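Subject: Handing over the structure we spoke about

Dear colleague,

Please keep the sequence beside it as you go through my notes.

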Amino acid sequence: QPCGLGKIAKLINAGKIDSSELITMKTLKDTSAIGKQIKDGIRLMGRGAEEIKWPIHLEVSRATARAKAAVEAAGGTVRLVYYNKLGFRALLKPEWFAKKGRLIPKAARPPPKQRDKVDSIGRLPAPTKPLPFTSEELEFTAKREAAKVIAA
């Protein structure tokens, strides 16, 4: 499900999203930034990148290079997180588990083919404060970026 930075900026200006808080996929779904049918996650797109003038912190499944660069230029962060189907349901609808009398599941690790595409494992229940990247995550991201430059 794609979501442009311009749409996020409009929601922040309208007061529906607090820019000082961590903006997760649940926040974007609750504020109607995206549709109701989300299958694999949210892809952050660079449309409207010039409207982001303040630091925001985002957790999404995927992000384009332009969107990530625009957010980081404004002083914010973009973290690519992985959720499996059950974890994604627990992120978006935690009340479903309470209604059924079930516990919220632990976050799953990404499969080997997707490990180089994510920064961290998703956290359940939905976080509200942005966590700083650990040294391990920063090192892994730097190696991934270096490999992309060498391949290109």
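Predicted model: local features only at pLDDT ≥ 70, side-chain atom pairs only at ≥ 80, totals over all residues.

Strands of a sheet pair through backbone hydrogen bonds, and they may do so in a parallel or an antiparallel way. In this model there is an open sheet of 4 strands, whose order is β2-β4-β6-β7 and whose pairing is parallel. Its edge strands are β2 and β7, each of which pairs on one side only.

If you begin at β2 (residues 22–23), you will find that 2 bridges join this strand to β4 (residues 57–60), and that the two run parallel. Within this pairing, L22 has H57 of β4 as its bridge partner, while I23 stands opposite L58 in β4. Moving on through the sheet, β4 and β6 also pair in the parallel sense, this time over 4 bridges, and here the bridge partner of L58 is V78 in β6.

Helix α6 covers residues 135–151, which makes 17 residues, and from its first C-alpha to its last it reaches 24 Å, close to the 24 Å expected at 1.5 Å a residue. Which of its residues are buried, and where do they lie around the axis? The buried ones are E137, T141 and R144, and when α6 is seen down its axis they fall within an arc of 60°, so they line one face of the helix. These buried residues pack against α3 (65–73), β6 (77–82) and β7 (120–121), whereas S135, E136, K143, V149 and I150, on the other side of α6, are exposed.

Aromatic rings

A pair of aromatic rings is described by two values, namely the distance of the centres and the angle of the planes. The count here comes to 2 aromatic pairs. One of them is formed by Y83 and F88, which are tilted, with 6.3 Å from centre to centre and 55° between the planes. Both of these residues are buried, Y83 with a relative accessible area of 9% and F88 at 5% relative accessibility.

The other pair is that of W96 and F97, which is edge-to-face, with 5.0 Å from centre to centre and 85° between the planes. F97 counts as buried, at 4% relative accessibility.

Two residues in loops

S61 has its place in the loop between β4 and β5 (62–63). Is S61 buried or exposed? With a relative accessible area of 10%, S61 is buried, and, if residues up to four places away in sequence are not counted, S61 touches M25, D40, G41, I42, L80 and V81.

P111, for its part, is found in the loop between α5 (94–100) and β7, and at 34% relative accessibility P111 counts as partly exposed. P111 and M25 are 86 residues apart in sequence, and from C-alpha to C-alpha they are 20 Å apart in space.

Conventions
Residues numbered from 1 in each chain as written. Heavy atoms only, no water. Expected span 1.5 Å × (residues − 1). Buried < 20%, exposed > 50% of the residue type's maximum accessible area, 1.4 Å probe, protein only. Arc of directions from axis to C-beta. Contact = heavy atoms within 4.5 Å. Phe/Tyr/Trp six-rings, centres within 6.5 Å; stacked < 30°, edge-to-face > 60°. Pairing = 2+ DSSP bridges.
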